[in-house]
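Subject: Structure handover

Dear colleague,

Here is the structure I said I would pass on. My notes follow below it.

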Amino acid sequence: MSSDFEGYEQDFAVLTAEITSKIARVPRLPPDEKKQMVANVEKQLEEAKELLEQMDLEVREIPPQSRGMYSNRMRSYKQEMGKLEKDFKRSRIAYSDEVRNELLGDDGNSSENQLIKLREERAHLLDNTERLERSSRRLEAGYQIAVETEQIGQEMLENLSHDREKIQRARERLRETDANLGKSSRVLTGMLRRIIQNRILVVILAIILVITILMAITFSVRRH
């Protein structure tokens, strides 16, 4: 189950990286290429949403005790998806043909100040896009470290759980051994007691026999 989820994760990472790159290129393209690029990004965003749905279904099939880590990763991916959609929307609106016509005028007779303002805003958006990309990479690196740390912690907890089970089994075996030793001790004590009783009985019988023999000899002597 986790292998399927990780496969979807890899596909999602590759797809979102392509989408991020294309969103950054949209404002720099001429109108015709921009229209084609926008359609391409829209298609890839739909594919990313489908991947998220598949990943969400996989998470629901994971046992509850192991589901927490995957749920946290899903929340991060959904946030990343929302960020991509917002960036794409801003990229389309900021430099759409409609906005450019509004600033410059349909007749192409807009003032030089409006053109300068448009260029400044374009440069500002490009700077923001680059900063967002750098921040996204840093967040991804930090998230990866957090995931690895969580995995290490989970492995340590599992190891501790296994060690605890081993210790408990060892204690149970010690209790069983103590119980068996106690039973053996009681059996040996009983056997020793019977041996002593038997020896005492033999000694008594031997004494009685000796006394009987002596009495028989004494009677025999007296008769003669």
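**Overall make-up**

Of the 224 residues in the protein, 20% are buried. Please keep in mind that this is a predicted model. The accessible surface amounts to about 16,700 Å², and carbon and sulfur atoms account for 56% of that.

The secondary structure is quickly described: there are five helices and zero strands. Read from the N terminus, the order of elements is α-α-α-α-α. As for contacts between residues at least 6 apart in sequence, 74% of them join residues at least 24 apart.

**Aromatic pairs**

How many aromatic pairs does the count give? It comes to two.

One of them is formed by Phe 5 and Tyr 70, with 5.0 Å from centre to centre and 85° between the planes, an edge-to-face arrangement. Phe 5 belongs to helix H1 (residues 2-25) and Tyr 70 to helix H3 (residues 64-94), so this pair ties together parts that lie 65 residues apart in sequence. Are these two residues buried or exposed? Phe 5 has a relative accessible area of 0% and is buried. Tyr 70 has a relative accessibility of 9%, and it counts as buried because the cut-off is under 20%.

The other pair is Phe 12 with Tyr 77, which is tilted: the centres are 5.4 Å apart and the planes make an angle of 55°.

**Annotated regions**

Two annotations from UniProt, each from an unreviewed entry, can be set against the model.

The annotation "coiled-coil region" in UniProt covers residues 34-61 and 115-180. In the model, residues 34-61 are 100% helix and 0% strand, and the C-alpha atoms at the ends of that span are 41 Å apart.

UniProt also lists residues 200-221 as "transmembrane region". What is the helix content of residues 200-221, and how far apart are the end C-alpha atoms? The span is 100% helix and 0% strand, with 32 Å between its end C-alpha atoms.

Best regards

Note on methods:
Residues numbered from 1 in each chain as written. Predicted model: local features only at pLDDT ≥ 70, side-chain atom pairs only at ≥ 80, totals over all residues. Heavy atoms only, no water. Phe/Tyr/Trp six-rings, centres within 6.5 Å; stacked < 30°, edge-to-face > 60°. Helix = DSSP H or I, 4+ residues; strand = E, 2+ residues; numbered from the N terminus. Buried < 20%, exposed > 50% of the residue type's maximum accessible area, 1.4 Å probe, protein only. UniProt positions renumbered as here; feature names shortened; annotations may be inferred. Contact = heavy atoms within 4.5 Å. Areas by Shrake-Rupley, 256 points an atom, 1.4 Å probe, with all protein chains shown as cover.
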